[in-house]
Each structure stands twice: as structure tokens, then as C-alpha cells.
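Colleague: I would like to learn how to read the packing in this model, one feature at a time. Could we take the general idea first in each case, and then turn to the example?

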Amino acid sequence: MTKVPKKSDSNLKSEEKLEGVEGTKSERPPHYSWSTRHLLLVVALLITVALVIVLSTAPFAAILGPSHHALAAALHGLFSFLFLVVSTVGLYLAFRLFTGRIRSFPDLQLASTTMAVLSLITIVFGNWIYIAYRAKDPKAPRTYFLENMPEVHKVFFEFKEFAALFTLPLSVAAAFILWRYGSEILDKTWTRKAVSILIALNFFYLMIAFGLGAAVAKLKGI
């Protein structure tokens with residue numbers, strides 16, 4: 001019978017070191033990347049700092065304006081901006097999901113839920129200031145546009161108004177599928193693509209509403 005050579009103590013120690021290194025490497029994540037939670041935290045911090053600086057250097061009433069609906073308009077603009085930021089992050093994660101290369105699935109669940117909440121809040125404040133927009137007053141934006149630029153109201157604003165409403169069912173549907181089926185959708189191509197398309201459509205309609213809303217507000221504020 002052939003004798004198996006006995007390993008020396010030095011060889012055994014070197015092998016143990018190699019096994020320890022390999023085990024450590026396998027336990028480490030493939031790469032470090034900022035999660036959506038970190039990104040949202042940074043955005044919230046920047047907005048807070050900006051608000052503190054603005055409010056400490058200018059009167060609050062002067063920032064909002066003299067209108068009775070100034071607070072609702074300011075909140076509508078603030079939440080629509082936050083909605084745009086979160087939707088941009090969600091669009092990127094949706095693209096990763098569409099290509100099957102997403103590594104932060106819980107972040108996509110968080111982003112989709114945040115989009116649905118911000119969509120609802122933005123629509124609520126938008127409907128609030130819509131009362132002032134359609135007021136029977138010569139100074140109301142709707143009256144002004146119909147007398148001077150009717151195409152702005154009939155085309156731009158009406159289209160913007162209904163386009164913005166699509167963001168709520170789209171974001172809610174995406175969030176529901178992501179939470180209902182969880183990581184199981186990663187194994188189904190059609191489900192991954194369906195959720196990605198829902199989030200992409202949400203971003204599309206948001207950009208239309210955001211752009212046209214900013215243009216209308218620039219022409220005639222409330």
C-alpha cells in the first residue's frame with residue numbers, strides 16, 4: 001500500500017489561513033453601494049438645511065406671498081419636487097429590475113411606496129389650489145388665461161391636470177406588486193418588466209405634470 005505523506009505543521013497553518021481568507025471574502029458583499037434610504041436621508045437633510053437658511057434670512061410671509069392659498073401652493077410645489085426626486089431614484093432602480101441586475105430590491109419597495117404616498121399628497125394639495133385657479137374672479141388664473149391665452153388653459157393646464165392623476169394608480173400598482181409578491185418577481189421576466197413599465201409610466205406622467213405646472217405657474221400665479 002502506498003503511504004500518504006503527512007502534512008507538516010507549517011503546511012496545515014498556511015492552509016488554515018487560506019481557508020480563513022476565502023471564508024472572509026465569501027461573506028463580504030460584492031461591492032458597497034449607497035441604498036435608497038441613505039439617498040433619501042441626504043435629500044431630506046439638504047432640504048432641511050435650505051429651509052433653515054431661507055426662513056432665517058427672509059420673512060415667512062414674504063416667501064409664500066400675499067395669496068390666501070399661498071401655503072397650499074408652497075406645499076404642492078414642495079411635495080411635487082420631492083416626488084420628482086424619489087421617482088428619479090425609482091426609475092433607476094426600475095431599470096435595474098428590468099435588466100435583471102437589481103441588487104437592492106428592498107430599496108425599490110421603499111421607493112415605490114414613497115412615490116405612492118407623495119403622489120397622493122401632491123394631488124391633494126393640487127386639488128386644493130385648483131379651487132383658487134377656477135375661482136370666479138377677474139384675477140384668477142383661469143379667467144386670465146381664457147381672456148388672454150385660452151390655449152394655455154384648454155390645452156396645457158387641462159392636459160397637465162389629468163396627466164398628474166395617472167401617477168397615483170401607477171405608483172400604487174407598482175408598490176402593491178412589489179410588496180405582494182416580494183422577491184419572487186425576480187424569477188419571472190414578465191412581472192419584472194410589468195413593474196418596471198409601471199414605474200417608467202409614473203415618471204413620464206409626473207414629468208409632464210411637473211413641467212407644464214411650472215410653466216403655467218410662471219405665466220400666472222395664484
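Colleague: In what kind of crossing, left-handed or right-handed, does α7 pass α9?

Modeller: Before the answer, a caution: this is a predicted model, in which local features need pLDDT of at least 70 and side-chain atom pairs count only at pLDDT 80 or more, whereas totals for chains, interfaces and linings use all residues. Residues are numbered from 1 along each chain as its sequence is written, and side-chain values use heavy atoms, with hydrogens and water left out. A crossing is left-handed if the near helix is turned anticlockwise from the far one by less than a right angle, and right-handed if clockwise. Here α7 passes α9 in a left-handed crossing. Val152, Phe156 and Lys160 of α7 are among the residues that make the contact, as are Tyr205, Leu212 and Val216 of α9, where contact means heavy atoms within 4.5 Å. By class this contact has 12 nonpolar, 1 polar and 1 charged residues (Ala, Val, Leu, Ile, Met, Phe, Trp, Tyr, Cys and Pro count as nonpolar, Asp, Glu, Lys and Arg as charged, and the others, Gly among them, as polar).

Colleague: At roughly what angle do the axes of helix α7 and helix α9 cross?

Modeller: Two packed helices are described by the angle between their axes and the distance between the axes. Axes are lines fitted to C-alpha atoms, for helices over the stretch in contact, and angles run from 0 to 180 degrees between N-to-C directions. For α7 (residues 150–165) and α9 (residues 189–219), the axes come within 8 Å and cross at roughly 140°. Angles under 35 degrees count as roughly parallel, over 145 as roughly antiparallel, 65 to 115 as roughly perpendicular and the rest as oblique; α7 and α9 are therefore oblique to each other.

Colleague: How are α8 and α9 oriented to each other?

Modeller: Their axes come within 9 Å and cross at roughly 155°, and α8 and α9 are therefore roughly antiparallel to each other. The crossing of α8 and α9 is left-handed. Leu170, Ala174 and Ile177 are among the α8 residues that meet α9, where the partners include Val195, Ile199 and Leu206.

Colleague: How many helices and how many strands does the protein chain have?

Modeller: Helices (H or I, at least four residues) and strands (E, at least two) are DSSP runs, numbered from the N terminus. The protein chain has 9 helices and 0 strands.

Colleague: Which residues touch the most other members of the largest nonpolar core?

Modeller: In soluble globular proteins, nonpolar side chains tend to be buried together. A nonpolar core is a set of buried Ala, Val, Leu, Ile, Met, Phe, Trp, Tyr and Cys residues joined through side-chain atoms within 4.5 Å, and buried means under 20% relative accessible area, exposed over 50%, partly exposed in between (1.4 Å probe, protein chains only). The largest core has 30 residues, of which Leu97, Leu108, Leu118, Leu178, Ile185, Val195 and Ile199 touch the most other members. Its largest share, 10 residues, comes from α4. Isoleucine 185, leaving aside neighbours within four places in sequence, is in contact with residues including Leu97, Leu178 and Val195. A second, separate core of 6 residues includes Tyr130, Val152, Phe157 and Val216.

Colleague: Is threonine 122 buried or exposed?

Modeller: Threonine 122, found in helix α5 (residues 105–133), is buried, with a relative accessible area of 9%. Not counting residues up to four places away in sequence, Threonine 122 touches His76, Phe79, Ser80 and Phe83.
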